[in-house]
Structure formats: structure tokens, C-alpha cells
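Visitor: I'd like to learn how to read a structure like this one. Could you walk me through it?

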Amino acid sequence: MPGTPPTHYVYLGPEGTFTEQALRTIPAAEHGLRTPARSVPEALEAVRSGAADAALVPLENSVGGAVGVTLDELATGSPLVITREVVLPVEFQLAAPRLTPLGEIRTVAAHPQASAQCRNWLLANVPDATVVDVLSNAAAAISAAAGECDAAICAPIGVPRNNLKVLADKIADRADAVTRFGLLTRPAAPAAPTGDDATSLAVSIRHDQVGALLAVLTELAVRGINLSRIESRPTGEQLGTYVFFLDCTGHIAEPRMGEALQGLRRICADVRFLGSYPRHRWSTAAAQEPLPSTAGLTDADFADSAAWLAALRGGNPG
């Protein structure tokens, strides 16, 4: 319920990963019970079953793109909603049990995605080292701490937890890489709009209808709703059928978003509401400013037109 923060959080584990690091940026989670899950489906099932109040799972990475398993889980099963997003810089570190010259590193434990994002740095700084694949960033840190590998590529949270020493900081090839996470709960009335919100949807279009996707986009465009992301995923039913995931600026409580949802409901095979929540606030003031609305497409314009129509229906043409 709005105003009542969860007390039991589950997250994509194991401990010592970027997901745990992201979860601990949420004040209520820092003081609540945090339980790692072995997979995204396991984390979300814990919320659906009532075993946990909320789950934090990755939605997309600025380098690797959308996390398909998360999107697939949101499109099926009993509904869950995003109540918060967390955007975390992906800052990998090379760490070892002791301070060691880079020239002496012969083996580096790393999750395949981590080593891929640090590929150029590894080639330039430890070209003779063999990368040993492990299941997670946390497992990489544990492997180095146990002496199984000389060093590890890991998340900053895993370094002190495993008594490692940082040999090199921020080694990712893309210094501005980030991962976006979503905090999922069981459906409840969304919190009040903040004035800078996002709404996420999963939309199934009628595949035999010409221009069906264009009709979806038109419902948003004619109301001045900015589409910040669109992602398609196959439904698994038959070739050529997809679910489209949309992230839009605005809140379900606002008139123009409400009208857009009604329009989508009329023309789509299915619309699943995935939540309205505050947008992530970036560090610079300019980046925090919401996009200006076109004249005639502001929330005030929609409220005014709705009041005008109500007056007409009530017999007052003025």
C-alpha cells in the first residue's frame, strides 16, 4: 500500500552483486530483511506467493540491453507492478587477496558479461591473463579470496566483503554504463504523482491488423506522451506474435495517461499495466527536468477539456 514500505525484500542474488548494491540504495531496504534469490523467476515468485513484500530485479543495461527473462516474467503469471526504479553505475573493479602487480596476474575470475564489458581493459593491462568464467560477480570475488584465481572482476560491494584489495578501479570499457533495476510488488493503488513519473506497460497487438503498432504509438503521440523505450519480446505461442514493452512519461492518475490507457484497451488484444512510479533522478539539474509539454497537450489542458465536455453533457454550453 502507498505509504507503507515493504519490510522483506528479495533480490537477484547471490550476495555481493550489483543487484544487492542497488537494493541497498533504498533506505527502507537497508533497514529491512534482504534475501537473495537464485534467479529472476524465483525472486518474483516470492512476491507473488506472499513470501516477500518486494523484489528488486534488473530491467535493462545500457550496454547489454533489456533483460529478457525479467520482461518475460512480467508479461505472464499473476500481475506485479513496478513501484520504484533504481539506476546504478556499472563500475567494475579488479581485486585480489593482496596488492599484486598487474604483470603478475595470470588468472582472472569473472562473470562472462563482466569480462565482456572489460575486454579492452583486460587486453591492455593484463594481456597474458586467462579469464576464468564464473556464475556471478560475487562468485568471482569468492574465487579470488579462496586463491582459486589470482584476481577477480567484481562489483565494489564484493571487495570488502571478501577482504580483497583493489588493484584497479572503474575498469569497464564504457565508463558511463548503467543498469536499471525495478522494485516489484503485488498490485496496489499507485503512489500519488510526483510530476516527473514513468508508466510501464506490456501491450499485445492484434497481429492480423494492418498498422496495429502504429495505432498504439498514435494513442500516445496525440496526447503528448513521450515514449522513452519500446522493446518487443516473442510470446512463445507462434512465430510472429510479440508483446511490446513500453515505458512512457506520465502517471496513470493524470488525465492524458488515463485517456491513452483507455485508447490502448480499445485497440489492443491485451494491455498489462506494469506500474506508475517516480523517474530516476540524475545527478545534474538539467537531466532532472521533465520534457516540456506541447501547447494543448499539458495535463491542465486535458483537465480543462474534460471539464468542458462534462459541462456540455450537463446542459451548459458555455
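Guide: Helices (H or I, at least four residues) and strands (E, at least two) are DSSP runs, numbered from the N terminus. This is a predicted model, where local features need pLDDT of at least 70, side-chain atom pairs count only at pLDDT 80 or more, and totals for chains, interfaces and linings use all residues. Residues are numbered from 1 along each chain as its sequence is written, and side-chain values use heavy atoms, with hydrogens and water left out.

Visitor: Is Asp150 buried, exposed or partly exposed?

Guide: Buried means under 20% relative accessible area, exposed over 50%, and partly exposed in between (1.4 Å probe, protein chains only). Asp150 has 32%, so it counts as partly exposed.

Visitor: Which residues is Asp150 in contact with, leaving aside its neighbours within four places in sequence?

Guide: Contact means heavy atoms within 4.5 Å. Asp150 touches Ala96, Pro97, Glu104, Ile105, Arg106 and Thr107 in that sense. Thr107 is 43 residues away along the chain, yet the two C-alpha atoms are 5.3 Å apart.

Visitor: And how do I read a sheet?

Guide: Strands of a sheet pair through backbone hydrogen bonds, either parallel or antiparallel. Two strands pair if DSSP finds at least two bridges between them. Here, four strands form an open sheet in the order E13-E14-E12-E15, with antiparallel pairing.
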